[in-house]
Amino acid sequence: MAALVYTLTALLGAAAAATGVAGMLGASWAVDVDWLVPLGGLALEMDALAGLFVALVGATAVPASLYAIGYTGRERRGCLAYLVFVAAMLAVPLAANVMTFALAWELMSLASYVLVLDGARAGREPAASAHAGWVYAVMTHAGLACMLAGMLLLTAWTGSARFADWTAAAPALGAGARSLAWALLALGFGAKAGGVPLHVWLPLAHPAAPSHVSALMSGVMIKLGIYGLLRASFVWLAPALPWWGATLLLVGAISAVAGVLYAIVDRDLKRLLAFSSIENVGIVLVGTGAALTFAATSMAGLALLALAAALYHVVNHAAFKSLLFMAAGGVLHGTGTRDMEALGGLIKRQPWTAACFLVGAVAIAGLPPLNGFVSEWLMFQALLQNVLLPQPSLNLVFALAIAGLALAAGLAVACFVKAFGITFLALPRSDAAAAAHEAPVTMRVAMVATAVACAALALGASSIVPALAVVAATLVPAPPPVTLGAWLTLEVSGEFASLSMPAVALALAGGILLPVLLLAVARVRPRPRRYETWACGRVLQTARMEYTATAFADPFTRVFDFFYRPVKRLDIDRHPESRFFVRRIRYENPTRFIVDEWLYRPVGRLLRAAARRVAVVQSGSPNLYLAYVLAALLLLLLVA
Amino acid sequence: MMATVANLLAFVALAVTLVLVWRQSWRGRVRLFIVQSLVLGALAAAIGLLARRPVLLLVAAVFLVVKTWLIPRVLRRMAAGAPLRPVRPGRSSGIPVLVAGGLVVVAYVIMLPVSGLASSALPTRGAIPLAFAMALIGLFVCVTGRDALGQVTGFLVFENAIFALGVVATYGMPGIVEAGVFLEVLVIVLLMEGVLVQMRREHDSLDVDRLRELRG
């Protein structure tokens, strides 16, 4: 039964991917069913941008559903919510009026909420996971409220709930009105995308959900926030104002750095990935912000380049983040834990999972020859050309964003060295890790397929970038910023920069394979000698002497002390006879979250105080409650 | 002709409602509820005949079955075993009846824009404030009910009045709406029965003040 539903979802995803690609290539269509939904009816409309996101959701849902068959086993719960979740995500980019959009959006949020709670129920810490569900529900609905407020304002001002009418009427609105609507919509979509400081739900909810759902939530659901942002900024409210883009640039840079900094110090494998999603959303936001700024200062060519880079990163992140979440799910499935301090040595027990995780890690760290590298490179090419902008204040913002992005890219490498090294290398740190088993075949197929997609997205850059540029050109009309040279070389903005992924891949492969080949040709066969690993002269080497995740993160905690504000706790239990004999040492340095402490706690306190004031009316007497109803009715009738 | 009949029947129903406010005994109130339902059923049937709406006759028949037979049955079952509320000395029904009378005036004031309109083509417009007054009084009985049974009565009177309002204002809503409403009322009454059983088991009383401890 469950397997059937997952298969059905995979088929739905494949069909949607095909439809989406057709939409990207220009097959636009529209469906209107007036009677189905009140206030405007159900209205779907396919265009290039919608096609891209529909294809993305569909293509990611295929391996995720396949993976789910093996991952959930005989567990039935959650499969229908999963189907609804995927279907709603497919409907969001197609929605053509407020009602359809809000319904699909809310359905997506509710289905994912159910799935998070579901994962929470099966998890080890039900209380913490229930809290995760609660924070998710609050944040997603706060975002929904902002989004709806913006949409209703626009509906009132333009007199229509259809998005197409907004595009036509927006230029006539004042700059202040458009900015207000944009700010509300950006808050709503930003909360879904997970930009700092609206990210707090993300590191809680994503690890709590089952891994195939985490893959979809991190891979595509948060991207729909980016979709909304693109739609609102470039279509509904165009022409853009410069400050919109500058805001997104700053928020993106902060998200990128903060996300990866939190990822480095986390010891929960899935939470680490969730934090890294914040980083990648930050990168996409930087690209979007750059595109908006360029568009607002009428440099359409550069806007197109930045937008194509952002879209490319959206696609890439969907591929490698779903791969990483699936591999992390493989670890969880095989060992029953996500705590990196209890893992280690899994490469021997789970070679497939390890290999797939490695591919994902290399891709997300932005190393050639995989896809993360290409989109980040393209992004830098767009950002570096900000020198052509005449406004020094905007140049400053760009400089900050470039610095942030560079720092984040460097830290991401360290972060994924840690994630892969601590989890898969060395000796197992617990019995669970020592007894790990490899993932079932459906999970392996899904992971390998996604890993292949990561490589294909990189090597096929010369055909993908122009295709994305075509999609981006529907938002910012301009001639293509990237031309193809010899050897499938991407030539950016004329002579500015160029890159040939096949050449890079060949050079890398050659660099690795050449020595091996030469040795084989020269018939040099080094005689293998087996011996114990050198253990610094110690007689005994156990897993407890290994480098831990906390130890790996310690230098970063020290350097970024001002950011983490760590609390250090050191308990030493000495022997009562002599203080030179230590029985037990317990060391903790949990980091604190600035945003939680400086923003959400005070807001929460304020809300609670206000709620206590209002609670006076809740007396507990049913008669009084009924009297409220009567009074309200009479008041309404008398006043109205 | 139609205006006279509608006004008369609505007036009779309102009078029955006022008597219901005055009555303290639960059994008496259930009997009065049946009487009110009979009158309103007759009202619906009369309007159905005079306005040539055969569907309204069917609605009236269903209404009578539900309101004078099914629901009273459930109500009696609810009350069975309830400790009969001792009629406390010195507690008169004068004030509630006075307030109910005031509500009739309020209803007339509120409905002035509808009923006072001479140009309005609706022959039954005179009955609209009467039906509306019944609704307000039903809510009022709900508000002042000292135990759960009183609140159920109030709700049922309120619901009856809404039905009357629908009949005199629109000559019958679409059948699907009517059917939905009947079903809903039945379900609510059955649910209330469950709640009452639970309350009696927990508190050995139907006094709603005991629910105060459920406050969050």
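Buried residues make up 49% of the 640 residues in chain A. Buried here means 20 or more other C-beta atoms within 10 Å of a residue's own, with C-beta atoms placed from the backbone. This is a predicted model; local features need pLDDT of at least 70, side-chain atom pairs need 80 or more, and totals for chains, interfaces and linings use all residues. Residues count from 1 along each chain as written, while chains are lettered from A and ligands numbered from 1 in written order.

**Chain A overall**
- Chain A has 24 helices and seven strands (DSSP runs of H or I, at least four residues, and of E, at least two, numbered from the N terminus).
- Its radius of gyration, taken over C-alpha atoms, is 26 Å, close to the 26 Å from the globule rule for 640 residues, so chain A is as compact as a globular protein of that length. That rule is 2.2 Å times the number of residues to the power 0.38.
- Along the principal axes, the C-alpha atoms of chain A fill a box of roughly 95 × 75 × 55 Å.

**Strand β6 of chain A**
- Six bridges join β6(A) to the antiparallel strand β7(A), residues 582–588 (strands pair if DSSP finds at least two bridges).
- D571(A) has R586(A) in β7(A) as its bridge partner.

**L130 of chain B**
- L130(B) sits in helix α6 of chain B, residues 128–144.
- L130(B) is buried, because 27 other C-beta atoms lie within 10 Å.
- Beyond neighbours within four places in sequence, L130(B) is in contact with A10(B), F11(B) and L14(B) (contact means C-beta atoms, placed from the backbone, within 7 Å).

How values were computed
Buried ≥ 20, exposed ≤ 12 C-beta atoms within 10 Å, placed from the backbone. Contact = placed C-beta atoms within 7 Å.
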